[in-house]
Structure formats: C-alpha cells, structure tokens
Amino acid sequence: MTYARIVGTGSYLPEKVLSNAEIAERIDTSDEWIVARTGIRARHIAAEQEKTSDLALAASQRAIAAAGIDKADIDLIIVATSTPDMIFPSAACILQDKLGVPGCPAFDVQAVCAGFIYALSTANAYIRSGMARTALVVGAEIFSRILDWNDRSTCVLFGDGAGAVILQASEQPGILGVTLQADGRYQSILNVPAQVASGEIVGTPFLHMDGGAVFKFAVKALADCASKTLAAQGMSHADLDWLVPHQANVRIIESTAKHLHLSMDKVVLTLPQQGNTSAASIPLALDAAVRDGRIQPGHTVMLEGIGGGFAWGAVLLTM
Ligand code: UT7
C-alpha cells in the first residue's frame with residue numbers, strides 16, 4: 001500500500017518582531033491583557049517588499065533541503081493561503097516560478113486557518129491515487145496586511161510566516177487518516193468582507209471576527225474532529241505522541257489537549273512568539289518541533305486546525 005509521508009519540513013519567519021508592548025504604545029491594549037486572554041507575546045511582520053510567495057519560497061527551500069530531494073522531482077505544488085500576492089495567478093504558480101520548477105500542477109487552497117490541513121489532505125489524495133509522487137505543500141500568510149491596526153480585538157492576534165513540507169509516496173506509513181469539515185452557515189463570524197469590482201475595493205478589506213462565537217465553535221469542533229479522526233483509525237488518545245494544533249489561542253489549545261488527555265508538554269506551542277499565522281501556523285509549529293528533535297521518526301502526530309468558513313479538520317500521521 002502506498003502512503004504519503006512527510007520527508008522534510010521547513011519554515012520562515014520575517015525578520016521584524018512586533019511585541020505586545022509596541023502595540024500597546026499605539027492602541028488601548030496591554031501586554032497583560034493579550035498574554036492572559038491569548039497566550040501571545042509577539043509576532044513577526046513581513047517587510048514592505050516581502051510577498052507571500054517570498055515567505056513560501058524560503059520555507060520551501062528549507063523543506064527541500066531537509067528532505068534531501070532534487071527540486072526537479074516535485075510533481076505537485078499546493079499553497080494554502082488567504083493572503084496571496086495578487087488575485088491571480090495563484091501564489092503556488094508564483095512560488096513554482098521562483099523555485100524554478102516549471103511544469104507540474106500548482107494551485108492554491110483557500111480554507112483560511114484550516115488551509116494547511118486542507119492542502120495536506122489534498123496532496124495525500126493525489127499521492128494515494130498515484131497522481132503525484134513528491135508534493136510540496138506550503139502554508140504561507142501575510143495577515144498583517146488585512147488587519148485594521150486600530151481594532152484591538154483583532155490586530156493583536158495575528159502574525160506573518162510560512163511553513164512547508166515535502167510529502168512523498170512511500171511504502172512506510174505516513175498519513176494515516178484525515179477528517180475535513182466545513183459549515184458555511186458560520187461565514188459571518190470570521191471574514192474579510194471585501195471584493196474588487198470595477199477597479200474599486202467594495203466592502204471592508206479588514207479581518208472581522210466575533211471572537212467569542214469563534215472561540216465557542218472552535219473548542220467543540222476541534223474536540224469532535226480529533227476524536228473522530230482517532231476513532232476512524234481504531235486508535236485512541238493514548239496512541240498520540242504529539243499534538244500540533246493551529247495556533248490561535250492558548251486556551252483553545254489547552255481545551256483540545258485536555259479533551260485528548262494530553263499534557264501540554266505533548267503539544268507544540270509556537271503561539272507565544274508567532275501569534276496566529278493562519279494557514280502557516282501548523283507547518284511552522286511542525287517544523288520547529290522536528291528541528292529541535294521533539295518530534296522523531298516513528299512518532300504519531302495529530303495536526304488540527306479551524307478557521308473562517310467555517311472550515312476545520314485534522315490529519316493523523318506517522319512521522
Ligand atoms: O484562527 C482563527 C480562529 N480564531 C480564533 O480562534 C480566535 C478565537 N477567539 C479568541 O481567541 C478570543 O475570543 C479573543 C482573544 C479574540 C477575545 O478574548 P475574550 O476573552 O473572548 O474577550 P472578549 O472579546 O469577550 O472581550 C473582553 C473585553 C471586552 O471589554 P468589555 O466589553 O468587557 O469592557 C473587550 O473590549 O476585553 C476587551 N478587549 C481588549 N482589551 C484590551 C478586546 N480586545 C482587547 C485588547 N486589549 N486587545
């Protein structure tokens with residue numbers, strides 16, 4: 001049986017770090033409030049000339065090097081992003097050009113903070129069906145550009161970054177199970193309600209969130225999804241070595257960990273220094289824990305995330 005296995009990870013964070021204290025100099029908030037309510041202490045902000053595809057490129061190059069593959073072997077590129085360089089072409093096509101690997105299929109997946117889970121699941125299906133053998137799957141975002149920096153209820157939460165994996169066909173176990181879900185009835189509690197029409201921006205091009213409603217929905221949806229994904233494989237929480245969750249709020253992450261009977265030292269947490277990087281947060285966290293040796297070959301790992309749509313899901317895998 002052919003599995004899709006992660007054979008290399010990489011990530012990139014922009015150089016500029018913005019602390020809570022710096023935000024508190026400009027708007028009515030405080031480091032204490034942000035840390036207590038979210039767990040976030042700082043976030044990285046892309047430089048003016050940096051584009052999402054630049055962040056994706058740096059993360060991809062590191063994943064390719066870690067996998068030890070020839071970039072010419074990549075036969076599928078998927079980028080999860082809600083903040084592409086432009087309306088079209090896709091960030092994936094621009095990334096493909098920057099990487100210098102023309103020819104293979106390349107496309108974006110838009111599932112906001114669940115984007116990496118959706119993209120990884122899609123690449124898994126391509127590999128399992130024989131349509132691809134070596135996929136580059138990236139989550140890359142510059143959320144700092146869709147924030148209203150005067151809205152304290154949202155601007156303190158997000159940051160920029162990119163993470164990438166090389167997913168390859170293998171006889172050894174890799175991705176074991178996937179759950180994807182969406183419910184468009186919740187579209188209005190988390191969105192960027194704008195479009196471009198006749199040369200104008202119509203609507204509000206800033207992130208809007210009903211934080212409390214999102215929080216409530218996320219806690220329940222993630223707990224259900226994690227249980228469902230384990231049960232489908234005949235596994236239980238006792239089989240898990242690591243949880244690599246989407247990094248939105250430490251209280252949501254603690255709640256999911258509690259549901260899975262996992263202590264927080266089995267949970268990869270990058271939120272304090274990175275904030276919520278939307279589709280990039282899961283591959284950024286995965287790469288951090290692979291590089292510092294916490295996640296080892298053979299470990300059983302659950303990735304899970306939720307975001308606007310609502311869209312959510314989980315991937316259960318053996319590293
Ligand atoms: O990745 C996509 C998924 N997104 C999420 O998962 C986010 C989910 N939601 C959350 O993480 C939390 O709901 C927030 C962190 C956004 C908000 O935390 P909360 O505990 O739900 O606070 P709240 O929205 O109920 O606000 C409590 C108070 C309000 O003041 P009043 O009305 O009680 O006087 C807010 O105006 O905190 C106030 N507040 C702030 N105060 C200082 C809101 N933002 C801030 C701020 N600094 N930055």
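Colleague: What makes strand 1 and strand 7 a pair?

Modeller: Strand 1 and strand 7 (residues 160–170) share 9 bridges and run in the antiparallel sense. Two strands count as paired when DSSP finds at least two bridges between them, so strand 1 and strand 7, with their 9, qualify. Strands themselves are DSSP runs of E with at least two residues, while helices are runs of H or I with at least four, both numbered from the N terminus. Thr9, for instance, has Val165 in strand 7 as its bridge partner, and Gly8 stands opposite Ile166 of strand 7.

Colleague: Good to know. What kind of model is this, and which pLDDT do local features need?

Modeller: The model is predicted: local features need pLDDT of at least 70 and side-chain atom pairs count only at pLDDT 80 or more, while totals for chains, interfaces and linings use all residues. Residues are numbered from 1 along each chain as its sequence is written, and side-chain values use heavy atoms, with hydrogens and water left out.

Colleague: In what order do the strands of the open sheet come?

Modeller: The order is 1-7-6-4-5, five strands with mixed pairing. Strand 1 (3–12) and strand 5 (106–109) each have a single partner strand, so they stand at the edges and one side of each lacks a neighbour in the sheet. From one strand to the next the twist averages 20°. Helix 3 (residues 52–67) packs on this sheet, touching strand 1, strand 6 (134–142) and strand 7. "Touching" here means heavy atoms within 4.5 Å. The direction of helix 3 makes about 125° with that of strand 1; the axes are lines fitted to C-alpha atoms, for helices over the stretch in contact, and angles run from 0 to 180 degrees between N-to-C directions.

Colleague: How do you know whether Thr256 is buried or exposed?

Modeller: Thr256 has 1% relative accessibility, so by the cut-off it counts as buried. This residue sits in helix 8 (residues 250–259). Leaving aside residues up to four places away in sequence, Thr256 touches Leu222, Leu243 and Glu304.

Colleague: And how do you know whether Val196 is buried or exposed?

Modeller: Val196 has a relative accessible area of 52%, so this residue is exposed. Val196 lies in strand 10 (residues 194–197) and, together with Ile87, Phe88 and Ile201, makes a nonpolar surface patch of about 500 Å².

Colleague: What makes Asp28 and Arg152 a salt bridge?

Modeller: The rule asks for a side-chain nitrogen of Lys or Arg within 4 Å of a carboxyl oxygen of Asp or Glu. Asp28 and Arg152 meet at 3.5 Å, N to O, so this pair falls inside the limit. Asp28 lies in the loop between helix 1 (20–26) and helix 2 (31–38) and Arg152 in helix 6 (residues 152–155), so the pair ties together parts 124 residues apart in sequence. Asp28 is exposed at 61%, and Arg152 is partly exposed at 48%.

Colleague: How many salt bridges does the rule give?

Modeller: The count comes to 6. One of the pairs is Asp224 with Lys220, whose closest N and O atoms are 2.7 Å apart. Asp224 and Lys220 are 4 residues apart in helix 7 (residues 211–232), about one helical turn. Lys220 is exposed at 53%, whereas Asp224 is partly exposed at 36%.

Colleague: Which residue meets Asp287 in a salt bridge?

Modeller: That is Arg291, at 2.7 Å from N to O. Both residues belong to helix 10, 4 residues apart, about one turn of the helix. Asp287 has 3% relative accessibility, so Asp287 counts as buried.

Note on methods. Patches are made of residues with over 30% relative accessible area and no salt bridge: like charges are joined within 9 Å, nonpolar side chains (Val, Leu, Ile, Met, Phe, Trp, Tyr) within 5 Å. Accessible areas come from the Shrake-Rupley method with a 1.4 Å probe; for residues, only the protein chains shown count as cover. Buried means under 20% relative accessible area, exposed over 50%, partly exposed in between (1.4 Å probe, protein chains only).
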